[in-house]
Amino acid sequence: MVRFRPVISTSAVALALALSAAPALAQVDGQQVFERLAAQLALQGIELDAQGVQTDGDDVAISGLSVVPAPEADTLELGDFVLEGVSEADGGSYMVQRIAIAPISRTEDGVTVEFEGGQVRNYLIAGPEVTDPILRSGLFESGEAGAMTVSDEQGTIFSMEGATTSTDGYTPGGTMNFDLQVSGMVADMTRLPEAEARQTMTALGYEELRGNITSSGSWDTGSGRLTLDEMVYDVDDAAALDLSFDIGGYTAEMVGAMQQMQAQMSQQGNAEAMNMAMLGLMQQIEINEITIELTDDSLTNRILDFVGEQQGMNRESVIAMAKGILPVGLAQLQNPSFAAEATAAIGAFLDDPQSLRVSAEPTGSVPVAQLMAAAMSSPQSLIEVLAVSIAANE
């Protein structure tokens, strides 16, 4: 399945501002196109291989495509792809009008995965002379994934109707807006491997979960400010969890450093060293704001009733018990004002479950390096450093 990368996508119009496309050749060099695609993905630490490459005019067919997504990871078989409308561009680059992803139907260990296929439009394969790390990241205008099901002899375990992602384009130093939608996800909770988990979900009334994912945001590639306006996980008749953030420091230079590090670690095959190096790079990030909000749609009361049944109590007694325990637990944070605020907010939410929001809104940007230092020396201080607050039913 295609790996969507919405924060580094682009449109054909924006690419035209960065690259002057040369006239398309009657027949492109399909093997060279594949090799440059493999080189581009190697900058992201991904090893690419194929059973065969065939060229027909400006179309390149790749059969038996497989990837190793990370050092020391297992090979992932992706199937067949067709790169349609391939044309040459400056810097040894190629512009692909459409990548057609063939359907997949595969059974292994009794589990069958069926994927309807998909497409990616206006994909840039950056050439060896391109130095802009964002252009080298694998930019595309839009992507679509069709329906997918995972099943066995007993029935469907998981399914989704499809996924889409798009962006309004990239110009060096400009701002990119992006969005992502995953629709029609259905998971059979009676198929969970752990018996206790299956029993719990059944007791909560969630033998099946249905939901969608919606996300949107923007990236100022000049300043390095990355804003996620929303990342909503919405589960029907349960709850919606929304994550948003505003961070700084995600610059083109940082993207370039990550590419260099990932390429080196991919060759060395040391996942632990790559994780440590990535952690070092992440210290350049600055936190401006982070918000997590839960909007209830029956989940909270179901949990309260479940706990009450386990304890031989009614819902009101469970709420009273929780309110009594909260001050004791929050006292460990050694922050009386926050403990009082959290106790009041959580208590109000339990009484009338509507929404519960936790926000970090510091007065100025806080470097991740400072947060790491605070976490090691005094974890309780993070509440003050990040100006964490909690509110209910607003």
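The following legends describe an overall view and several close-up views of a predicted model.

This model is predicted: local features require pLDDT of at least 70, side-chain atom pairs count only at pLDDT 80 or more, and totals for chains, interfaces and linings use all residues. Residues are numbered from 1 along each chain as its sequence is written, and side-chain values use heavy atoms, with hydrogens and water left out.

**Figure 1. Overall view of the protein chain.** The chain contains 10 helices and 20 strands; helices (H or I, at least four residues) and strands (E, at least two) are DSSP runs numbered from the N terminus. Along its principal axes, the C-alpha trace spans about 75 × 55 × 40 Å. Of the 394 residues, 43% are buried, where buried means under 20% relative accessible area, exposed over 50%, and partly exposed in between (1.4 Å probe, protein chains only). The accessible surface comes to about 19,500 Å², and carbon and sulfur atoms hold 52% of that surface; accessible areas come from the Shrake-Rupley method with a 1.4 Å probe, and for residues only the protein chains shown count as cover. Among contacts with a separation of 6 or more, 61% are between residues 24 or more positions apart, a contact being heavy atoms within 4.5 Å. The mean positions of the 15 positive and 56 negative charges are 2 Å apart. In this count Lys and Arg are positive and Asp and Glu negative, while His and the chain ends are not counted; the place of a charge is NZ of Lys, CZ of Arg, CG of Asp or CD of Glu.

**Figure 2. Salt bridge between Arg 98 and Glu 84.** The search of the whole structure finds 8 salt bridges, each defined as a side-chain nitrogen of Lys or Arg within 4 Å of a carboxyl oxygen of Asp or Glu. Side chains of opposite charge can pair when their charged atoms come close. In this view, the side chains of Arg 98 and Glu 84 meet at 3.0 Å, N to O. Arg 98 belongs to strand E5 (residues 93-101) and Glu 84 to strand E4 (residues 76-89), so the pair ties together parts 14 residues apart in sequence. Arg 98 is partly exposed, at 23% relative accessible area, and Glu 84 is also partly exposed, at 25%.

**Figure 3. Strand E10 at Ser 151 and Asp 152.** Asp 152 forms a salt bridge with Arg 191, and the closest N and O atoms are 2.3 Å apart. This pair links distant parts of the chain, 39 residues apart: Asp 152 is in strand E10, whereas Arg 191 is in the loop between strand E13 (175-188) and helix H3 (195-204). Asp 152 is partly exposed, with 23% relative accessible area, and Arg 191 is partly exposed at 21%. Ser 151 is found in strand E10 (residues 148-152) and counts as buried because its relative accessibility is 18%. Leaving aside residues up to four places away in sequence, Ser 151 touches Gly 110, Val 111, Thr 112, Thr 156 and Ile 157.

**Figure 4. Salt bridge between Glu 394 and Arg 357.** The closest N and O atoms of this pair are 2.6 Å apart. Glu 394 lies in the segment after strand E20 (388-392) and Arg 357 in strand E18 (residues 355-360), so distant parts of the chain, 37 residues apart, are linked by the pair. Glu 394 is exposed at 67% relative accessibility, whereas Arg 357 is partly exposed at 23%.

**Figure 5. Nonpolar surface patch that includes Leu 241.** Tyr 233, Leu 241, Leu 243, Ile 292 and Val 358 form this patch, with about 380 Å² of accessible area together. Patches are made of residues with over 30% relative accessible area and no salt bridge; like charges are joined within 9 Å, and nonpolar side chains (Val, Leu, Ile, Met, Phe, Trp, Tyr) within 5 Å. Leu 241 lies in strand E16 (residues 239-248) and is partly exposed, with a relative accessible area of 39%.

**Figure 6. Positive phi at Asn 122 and Gln 334.** Asn 122 is not a glycine, yet has a positive phi of about 55 degrees. Asn 122 is placed in strand E8 (residues 118-125) and is buried, at 16% relative accessibility. Gln 334, likewise not a glycine, has a positive phi of about 55 degrees. Gln 334 is found in the loop between helix H7 (315-330) and H8 and is exposed, at 62% relative accessibility.
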